[in-house]
Amino acid sequence: MSIKGKAYIAGIYEHPARKIENKSLARLHAEVAKGALDDAGLTARDVDAYFCSSDAPGLGGINMIDYLGLTVRHSDSTNTGGSSYLYHVAHAAETIAAGKCNVALITCAGFGRRGTVARDHGADVPEGPFETPYGPVTVNLYAMAAMRHMYQYGTTSEQLAWVKVAASHHAQHNPNALLKKVLTVEDVVNSPIIADPLHRMDCCVVTDSGGAVIVTKPEIAKSLKRPPVKLIGAGESPKGQMGGKVDLTYTGAVRSGPIAFDEAGVKPADIKYASIYDSFTITVVMTLEDLGFCRKGEGGKFVMDGNLISGVGRLPFNTDGGGMCNNHPGNRGGITKIIEAVRQLRGEAHPKVQVRNCDIALAHGTGGSLGTRHGSATLIMERE
Amino acid sequence: MTTPYQERQIPAPHLNEGDAPYFEAAAQGRLLVKCCNDCKQYHHYPRLLCPFCFSDKTEWKEAKGSGTVYSYSISRASGPVPYAIAYVTLDEGVSMMTNIVDCDLDTIRCGQKVTVTFKTAEGGVVIPMFKPA
């Protein structure tokens with residue numbers, strides 16, 4: 001059984017705030033839930049499935065389902081870090097295709113500015129004693145992937161910087177973006193090194209915000225007023241250290257991408273717009289290679305000279321400004337990847353960044369660390 | 001630019017079942033690696049079941065203690081002193097997360113030959129690390 005054409009994204013909402021004081025986490029989840037339902041033209045009474053990750057307060061989805069007053073027959077609290085919400089869309093589609101729910105609500109919200117949590121997944125993780133003494137944090141793990149990519153393929157800091165530059169060109173048109181200043185390659189490479197070879201501006205922003213998505217079955221989606229966005233392919237795959245055969249030159253997208261493309265029956269060349277998870281500049285370069293937009297090792301060259309800027313380059317990406325400049329709610333950028341892809345397919349992106357004839361779009365999420373273990377999920381969507 | 005190595009407070013590891021021999025050997029200045037008696041492959045981090053063939057016949061072997069830097073990064077903003085996290089590929093073929101120590105951190109390079117050394121964490125547990133060969 002395939003999910004192709006069995007589920008539609010009918011509602012989206014991105015919280016406009018980037019810095020939030022004096023609001024509860026539950027309220028933030030509720031605000032984005034209401035926003036997405038309003039966008040779809042549905043109500044909380046219509047929701048019969050709820051999806052959240054570990055950013056939601058409580059035990060799986062149970063506390064938020066109670067708080068929101070939902071009556072659901074399906075819930076899923078898959079946690080693969082920032083990629084969770086792309087997994088959720090795929091799982092919602094599978095559930096809808098199996099006839100087990102009609103309207104799925106997915107929420108993400110968090111206060112990233114209250115401090116990033118150390119990469120400590122608890123005392124019982126088996127790798128703990130063999131990693132924590134060495135001081136692994138998010139940025140130095142991604143930095144090791146970048147360092148190896150540079151060593152093996154000759155990728156440069158200037159090439160990586162183009163990812164931030166392209167995102168900044170888009171963010172200037174987004175009034176809600178945290179960073180709206182247009183940046184140059186020099187701005188990025190002259191910013192302080194955080195963990196060699198990554199500079200401060202190779203990193204995504206840290207924000208308090210959230211977002212939500214409504215996935216529903218075709219009959220309901222087509223009865224609503226919003227332009228229908230059909231899910232046509234989905235793939236997921238985690239990647240780890242492979243028992244010590246460590247290879248930091250590729251991501252889980254090497255598996256999740258082909259699964260999604262095969263299901264959708266399209267090729268990278270058919271993609272008019274791509275939301276690519278951009279925790280760091282290197283994340284984008286490696287993911288583009290692994291999804292087949294260019295050859296392995298040539299991602300640095302691919303992103304140069306504005307090739308990711310809408311209206312300028314071959315592959316417009318993250319036209320909301322992405323995690324690089326716009327929003328990375330609670331250190332989890334997956335939900336906003338889905339949201340901007342849907343805006344593009346509806347023709348509702350900012351006119352300055354709207355891709356012409358945007359009929360097929362891709363969204364990709366990476367959660368965890370490229371340097372150790374990460375979740376990876378690819379969604380392909382079509383305008384109907 | 002030079003970034004001299006500085007001693008860093010190393011957090012005490014929380015050991016799980018089966019991990020003790022690795023750290024007991026480290027305290028004696030030896031680096032152990034797990035090897036599978038069925039498929040004959042080394043793996044790391046060490047497990048009770050081989051991650052390649054799922055055999056439970058895994059055994060500690062003493063590594064030569066030499067290897068090459070697979071990748072590394074100098075953390076310049078993640079603590080009171082800069083430090084170099086790395087993956088070192090041992091001569092036995094497996095790569096392990098580690099720190100590169102006892103050198104100018106700015107001279108570290110991918111492909112560099114390194115040799116094992118040992119540093120003590122909080123609580124007295126001894127941790128394998130690497131320095132230029």
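User: Which residue in β7(A) is the bridge partner of Cys108(A)?
Analyst: In this predicted model, Cys108(A) has Gly211(A) in β7(A) as its bridge partner.

User: How many bridges join β4 and β7 of chain A, and which way do the two strands run?
Analyst: Strand β4 of chain A, residues 103-111, and strand β7 of chain A, residues 208-216, are joined by 9 bridges. The two strands run antiparallel.

User: What sheet do they sit in?
Analyst: They belong to an open sheet of 9 strands in chain A, with the order β3-β2-β4-β7-β1-β8-β11-β10-β9. The pairing in this sheet is mixed.

User: Which strands stand at the edges of that sheet, and why do they count as edges?
Analyst: The edges are β3 (74-76) and β9 (273-276) of chain A. Each has a single partner strand, so one side of each has no neighbour in the sheet.

User: By how much are neighbouring strands turned against each other?
Analyst: On average, neighbouring strands of this sheet are turned by 25° against each other, with direction ignored.

User: Which helix packs on the sheet, and what does it touch?
Analyst: Helix α12 of chain A, residues 334-346, packs on the sheet. The strands of chain A that the helix touches include β1 (8-14), β8 (229-236), β10 (360-368) and β11 (374-383). The direction of helix α12 of chain A makes about 175° with that of β10(A).

User: Let us stay with β10(A). How many of its residues are buried?
Analyst: In β10(A), 9 of its 9 residues are buried, and the strand is described as mostly covered.

User: And how does β10(A) pair with β9(A)?
Analyst: β9(A) and β10(A) run parallel and are joined by 4 bridges. Within this part of the sheet, Ser275(A) stands opposite Ala363(A) in β10(A).

User: What about β10(A) and β11(A)?
Analyst: β10(A) and β11(A) pair in the antiparallel sense, over 9 bridges. Gly368(A) stands opposite His374(A) in β11(A). A hairpin of 5 residues joins β10(A) to β11(A).

User: Now chain A as a whole: how many helices and strands does it have?
Analyst: Chain A has 12 helices and 11 strands.

User: How compact is chain A beside a globular protein of that length?
Analyst: The radius of gyration of chain A is 19 Å, close to the 21 Å given by the globule rule for 384 residues, so chain A is as compact as a globular protein of that length. Along the principal axes, its C-alpha atoms fill a box of roughly 55 × 50 × 45 Å.

User: What share of chain A is buried?
Analyst: Of its 384 residues, 61% count as buried. Among contacts in chain A with a separation of 6 or more, 77% come from residues 24 or more positions apart.

User: Changing topic, what sheet is there in chain B?
Analyst: Chain B has an open sheet of 3 strands in the order β2-β1-β3, with antiparallel pairing. The edge strands are β2 and β3 (58-62) of chain B, each pairing on one side only.

User: Over how many bridges do β1 and β3 of chain B pair?
Analyst: Strand β1 of chain B, residues 32-36, pairs with β3(B) over 5 bridges in the antiparallel sense. Lys34(B) stands opposite Trp60(B) in β3(B).

User: Finally, how many residues does each chain give to the contact?
Analyst: Chain B gives 36 residues to the contact and chain A gives 28 residues. On the side of chain B that touches chain A, β4(B) supplies the largest share, with 6 residues. The residues of that side comprise 21 nonpolar, 12 polar and 3 charged.

Notes
Residues numbered from 1 in each chain as written. Chains lettered and ligands numbered in written order. Predicted model: local features only at pLDDT ≥ 70, side-chain atom pairs only at ≥ 80, totals over all residues. Contact = placed C-beta atoms within 7 Å. Nonpolar A, V, L, I, M, F, W, Y, C, P; charged D, E, K, R; others polar. Rg over C-alpha atoms; globule rule 2.2 N^0.38 Å. Buried ≥ 20, exposed ≤ 12 C-beta atoms within 10 Å, placed from the backbone. Pairing = 2+ DSSP bridges. Axes fitted to C-alpha atoms, helices over the stretch in contact; angles between N-to-C directions.
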